[in-house]
Amino acid sequence: MTKNFTIKTTKAGFSKSALLIGFVHKNVKPQGEIAKLFAQTGLNWKKLCDAGDFSGKTGQVLDILTPPDLAVSRFLIVGLGNLHKSDASEKTKKPAKLSDWADLGGKLLTLIKNTSTTEIAIIADELAEDPMASLVAGLHLRNYDFDKYKSQKDDDEEEEAKPASKNLAITLHAKNKTALDKQIATRMATVEGTILARDLVNEPPNVLGPVEFASYASDLSSIGIDVEILTPAKMKKLGMGALLAVSQGSVREPRMAIMRWNGGKKNQGPIAFVGKGVSFDSGGISLKPGAGMQEMKGDMGGAAAVIGLMKTLALRKAKVNVIGVIGLVENMPDGNAYRPGDIVTAMSGTTIEIINTDAEGRLVLADTLWYTQDRFKPELMINLATLTGAVMVALGQEYAGMFTNDDELAKNLHKAGEVSGEKLWHMPLAPAYDKLIKSRFADIKNTGGRFAGAITAAQFLQRFVNDVPWAHLDIAGTGFSTPSNDINTSWASGFGVAVLDEFIKNNYED
Ligand code: BES
Ligand code: MN
Ligand code: ZN
């Protein structure tokens with residue numbers, strides 16, 4: 001997965017050449033192992049902090065070069081601010097935001113890469129296992145780079161100058177190695193799912209069409225997921241006229257992939273995740289402007305998150321029954337392409353007047369959502385889609401839009417968003433918006449005009465969920481082309497895997 005990078009936990013000591021990293025809270029002196037090691041330096045903590053303007057706020061670093069006869073040569077003390085060790089004794093404080101620890105891990109990786117050291121020892125005896133595991137996740141997520149198509153590695157990016165050629169060996173010195181290893185394995189499942197989603201979103205659209213995407217789903221059978229792929233003939237039989245209309249202008253065949261993870265009790269109704277997988281969205285006959293069109297290779301970010309989530313759940317053997325269904329098409333203009341004015345019939349029987357062939361995601365989801373609830377009768381259905389530019393106008397790139405017909409679900413998803421750092425904002429659904437998608441000729445039309453674009457798209461989807469408790473996450477602003485942050489410097493973010501994994505952990509396991 002990541003190159004030149006290993007992390008091990010250990011109880012053993014560390015070599016003299018290792019770069020030592022320890023943590024302190026804001027305005028608190030070193031504790032535990034770190035206190036012992038610091039004592040060896042013979043330095044006065046208070047004076048050192050004053051001289052180094054160090055207060056221990058989050059991410060602040062005190063770089064101590066120790067006398068040559070000591071057990072270690074360099075000691076970095078990293079501030080934790082008021083982040084705490086999700087301890088039961090700290091009831092007065094809010095629950096630890098795991099994303100803060102992942103962010104710190106990301107910062108730490110840059111710090112490490114900017115030194116010439118290749119051996120790093122992190123002293124973690126004073127910290128609880130779950131924040132430490134999140135910190136490890138942050139190290140890995142920050143280390144992710146999509147460079148498989150570069151024949152020469154960049155050496156002009158500041159951060160990459162040194163590490164490209166060096167192997168980093170990081171050891172974590174924990175109080176309870178077994179407990180930490182267990183937590184890390186769980187977190188790493190989420191990291192691997194997120195990285196799979198990033199890889200898929202980053203892949204170019206000539207390499208990754210619907211058929212190729214479906215084969216990534218099939219690959220998951222090696223980790224215990226049942227996979228079924230629907231071909232166009234089958235979709236035609238099922239009456240998926242909306243999805244097929246989008247696909248008909250492309251020489252690439254559509255697919256639908258159905259993934260099943262049965263880790264829960266036999267009688268537990270499945271939770272379904274549905275993804276928009278438009279491998280490239282040119283807009284079709286309602287062609288998009290040329291500038292920036294290359295970004296539409298990421299229009300399968302919803303499907304990528306679903307496949308990534310399935311991988312995560314299987315890797316950590318989640319005790320839950322989950323279905324993932326993704327609708328995979330390419331939206332192209334062509335002599336055979338669907339047109340504005342066409343009326344198509346979805347699997348549900350609803351007729352749809354096409355106003356704009358660039359509003360294709362909702363058509364793909366119409367059939368994918370209907371098929372999923374019809375066949376699997378899920379307890380709950382959540383879809384992810386890079387659905388509208390309008391959601392970016394509303395929320396920018398910080399929050400994904402969340403639309404739901406169930407207030408309890410909204411609360412739980414919002415909470416999972418805050419803990420995981422993949423944040424969701426509750427947006428409205430209301431029957432009053434339905435008049436905006438009323439069609440003169442058919443049951444509904446596929447666009448709602450200039451106002452409330454993200455909401456009318458969601459209202460459209462709601463017509464195909466048949467009253468199943470459901471949420472739609474519009475990730476157009478958060479799935480790709482997001483500004484670099486502590487845990488991601490790549491174009492694709494993998495948004496959706498972490499928040500939904502957290503949501504499942506909190507609400508459906510134990
Ligand atoms: N895939 C786009 C939405 C999108 C835009 C995602 C920018 C990420 C970044 C979607 O298929 C689309 O084209 N939506 C149109 C809908 C409109 C024609 C009603 C849009 O948002 O402009
Ligand atoms: Mn479009
Ligand atoms: Zn699209």
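Guide: Donors are N, O and S atoms within 2.8 Å of the metal (3.2 Å for Na, K and Ca), and water is not among the atoms, so sites may look incomplete. This is a predicted model, in which local features need pLDDT of at least 70 and side-chain atom pairs count only at pLDDT 80 or more, while totals for chains, interfaces and linings use all residues. Residues are numbered from 1 along each chain as written, chains are lettered from A and ligands numbered from 1 in the order written, and side-chain values use heavy atoms, with hydrogens and water left out.

Visitor: Which residues coordinate the manganese ion (ligand 2)?

Guide: Asp 281 (OD), Asp 358 through both O and OD, and Glu 360 (OE) coordinate the manganese ion (ligand 2), at 2.0 to 2.2 Å. Along the chain these donors follow the spacing D-x76-D-x1-E.

Visitor: What makes the arrangement around the manganese ion (ligand 2) irregular?

Guide: The six donor atoms subtend angles of 71 to 166°, which makes the arrangement irregular. Six donors count as octahedral if opposite donors are over 155 degrees apart and all others between 65 and 115, and anything else is irregular.

Visitor: Why is the site of the zinc ion (ligand 3) called octahedral?

Guide: The zinc ion (ligand 3) has six donor atoms with angles of 78 to 175° among them, and by that criterion its site is octahedral. Its coordinating residues are Lys 276 (NZ), Asp 281 (OD), Asp 299 (OD) and Glu 360 (OE), at 2.0 to 2.4 Å.

Visitor: What bridges the zinc ion (ligand 3) and the manganese ion (ligand 2)?

Guide: Asp 281 bridges these two ions, which lie 3.1 Å apart. Lys 276 lies in strand 9 (residues 271-281) and Asp 299 in the loop between strand 9 and helix 9 (301-315), so the pair ties together parts that are 23 residues apart in sequence; helices (H or I, at least four residues) and strands (E, at least two) are DSSP runs numbered from the N terminus.

Visitor: Why is helix 3 called oblique to helix 4?

Guide: Helix 3 (residues 98-113) and helix 4 (residues 129-143) pack at about 50°, with their axes 6 Å apart, the axes being lines fitted to C-alpha atoms over the stretch in contact, with angles from 0 to 180 degrees between N-to-C directions. That makes helix 3 oblique to helix 4, since angles under 35 degrees count as roughly parallel, over 145 as roughly antiparallel, 65 to 115 as roughly perpendicular and the rest as oblique.

Visitor: At what angle do the axes of helix 4 and helix 5 cross?

Guide: The axes of helix 4 and helix 5 (residues 177-202) cross at roughly 35° and come within 8 Å.

How values were computed. Four donors count as tetrahedral if all angles lie between 85 and 135 degrees; four count as square planar and six as octahedral if opposite donors are over 155 degrees apart and all others between 65 and 115; anything else is irregular.
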